Amino acid sequence: MTAEVILHYRPYESDPTKLPKIAEKAIQDFPTRPLSRFIPWFPHDGSKLPLKPKRSPPVISRDAAKDVKLYLTVSERDVKSQSYDCTVDLLEFQPNLKKKKHLIRSYTLNEQTNFGNRNTQSEKGKQHLKRSWSVSIPSSSCTEHIFPLSKKLQDSLKALNLHTLYRGRWTIEHTICNSQTLEDVWAELNRIIRHSELPSCNATIQRHLGQIWVFCDVMYCEYVGNLLKRRLALTGKMNLFVHKYGVIFSM
């Protein structure tokens, strides 16, 4: 029996003495080795199962089996009766063209009306939307006039082992707003933050608590507190709160 062999080789491998040997190796049978006999890792004599379940399988009663068969029969009947044509119950796909045009026109008008109502509602919502957060933009100009921390605050930080980069929170209560409302104070605070006069600050108004929270780094807290009291005309005491440590300073 002869076999035709087509050998492809690279130009630099065109040695006539090596090509026949390469062709002979290509048509040789792959070497095989006999597989070793499988020996199970568990004792097995053929009469007993190697693994036995801890519990017996559940027993299905005849009544339960009848209920399952009945359910499967009803389910198959429902599946067969279902139609996968999505236009079956849609009136606009009915052959009556006049009715079809009327339905499409009324549908379009309804959609336009609904869209207009949604726009009106969204515009009303925008009018009543109130900002609840304000974040300052980093600026180096406002940090030039910041003085070192007072000895009282330094002693408090040393006692609590707090770094000056911890975040603190000044709490502005509605009771210290003098004759202003909390919303008036919040609007003025937004203007101050918008002009980057408060370093590393972000603020939020808690209307349900009647408070404004101003967050800042502890290293700037005295500067921020004094500026808040002066610019917002606040009367009374403000507390500086630090997470997990409580109130650490007041002014």
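A: Helices (H or I, at least four residues) and strands (E, at least two) are DSSP runs, numbered from the N terminus. This is a predicted model, so local features need pLDDT of at least 70, side-chain atom pairs count only at pLDDT 80 or more, and totals for chains, interfaces and linings use all residues. Residues are numbered from 1 along each chain as its sequence is written, and side-chain values use heavy atoms, with hydrogens and water left out.

Ser-196 is not a glycine, yet its phi is positive, at about 55°. For background, most residues other than glycine have a negative phi. Ser-196 counts as buried because its relative accessibility is 15%; buried means under 20% relative accessible area, exposed over 50%, and partly exposed in between (1.4 Å probe, protein chains only).

There's another residue to look at in the loop between helix H6 (221-231) and strand E5 (239-242), namely Ala-233. Ala-233 also isn't a glycine, and its phi is positive, near 55°. With a relative accessible area of 36%, Ala-233 is partly exposed, whereas Ser-196 is buried.
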